Amino acid sequence: QVQLVESGGGLVHTGGSLRLSCAASGSEFSVIAMAWYRQYPGKEREWVAQIGADDTAHDQDSVNYADSVRGRFTISRDNAKNTLYLQMNSLKPEDTAVYYCRELGRGFWGQGTQVTVSS
């Protein structure tokens with residue numbers, strides 16, 4: 001069983017920044033693509049960004065973003081630390097949601113971390 005633990009959420013003002021982290025257990029992190037999703041109250045989880053397994057590759061083939069966050073959010077990973085990141089800049093009130101990391105290979109989810117952006 002893989003455990004994914006998100007952290008870094010909180011309350012920020014519009015235009016502020018946060019960096020989310022997702023710490024993964026297990027030895028297979030470095031070979032599995034990962035993603036961030038977010039969920040608004042009463043809505044389905046929506047995909048935010050994903051990254052391939054190789055943490056040295058930052059080309060278009062391995063990283064992709066939802067249109068709503070492209071240019072503001074950056075996904076990255078450190079395979080030596082078994083950790084996935086989401087740097088969120090220029091935050092907007094509509095970014096307020098619970099953010100989840102997901103292991104794409106086997107579909108495991110973290111427990112989520114709340115991000116609230118005040119106007």
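**Rings, charges and strands in a predicted model**

Student: Over the ring of which residue does the charged end of arginine 45 sit?

Tutor: A charge sits over a ring if NZ of Lys or CZ of Arg is within 6 Å of the ring centre and within 35 degrees of the ring normal. In the model, the charged end of arginine 45 is placed 3.6 Å from the centre of such a ring, and that ring belongs to tyrosine 100.

Student: What kind of model is this?

Tutor: Residues are numbered from 1 along each chain as its sequence is written, and side-chain values use heavy atoms, with hydrogens and water left out. Local features need pLDDT of at least 70, side-chain atom pairs count only at pLDDT 80 or more, and totals for chains, interfaces and linings use all residues; the model is predicted.

Student: Is tyrosine 100 buried or exposed?

Tutor: Buried means under 20% relative accessible area, exposed over 50%, and partly exposed in between, with a 1.4 Å probe and protein chains only. The relative accessible area of tyrosine 100 is 9%, so this residue is buried.

Student: How many aromatic pairs are there?

Tutor: Rings of Phe, Tyr and Trp (its six-membered ring) pair if their centres lie within 6.5 Å; planes under 30 degrees apart count as stacked, over 60 as edge-to-face and the rest as tilted. The ring pairs here link Tyr37, Tyr100 and Trp109 into a cluster. By this rule, the number of aromatic pairs is 2.

Student: How many residues apart in sequence are the parts that the pair of tyrosine 37 and tryptophan 109 ties together?

Tutor: Tyrosine 37 and tryptophan 109 are edge-to-face, at 4.9 Å centre to centre with 70° between the planes. Strands are DSSP runs (E, at least two residues), numbered from the N terminus. Because tyrosine 37 lies in strand β4 and tryptophan 109 in the loop between β9 and β10, the separation of the parts tied together is 72 residues.

Student: Why is the pair of tyrosine 100 and tryptophan 109 given its class?

Tutor: Tryptophan 109 itself is partly exposed, at 31% relative accessible area. The ring centres of tyrosine 100 and tryptophan 109 are 6.2 Å apart and their planes stand at 85°, so the class is edge-to-face.

Student: Which residue meets glutamate 28 in a salt bridge?

Tutor: A salt bridge is a side-chain nitrogen of Lys or Arg within 4 Å of a carboxyl oxygen of Asp or Glu. For glutamate 28, the N to O distance is 3.1 Å, and the partner is arginine 106.

Student: How many residues apart in sequence are the parts joined by glutamate 28 and arginine 106?

Tutor: Glutamate 28 is in the loop between β3 and β4 (34–39). Arginine 106 is in the loop between β9 (97–103) and β10 (113–118), so the parts tied together are separated in sequence by 78 residues.

Student: With which residue does glutamate 103 form a salt bridge?

Tutor: Glutamate 103 is buried, with a relative accessible area of 3%. The closest N and O atoms of the salt bridge are 2.7 Å apart, and the partner of glutamate 103 is arginine 106.

Student: Which strands stand at the edges of the open sheet?

Tutor: The open sheet has 4 strands in the order β1-β3-β8-β7, with antiparallel pairing; two strands pair if DSSP finds at least two bridges between them. One side of each edge strand is left without a neighbour in the sheet, because each has a single partner strand; these strands are β1 (4–7) and β7 (73–78).
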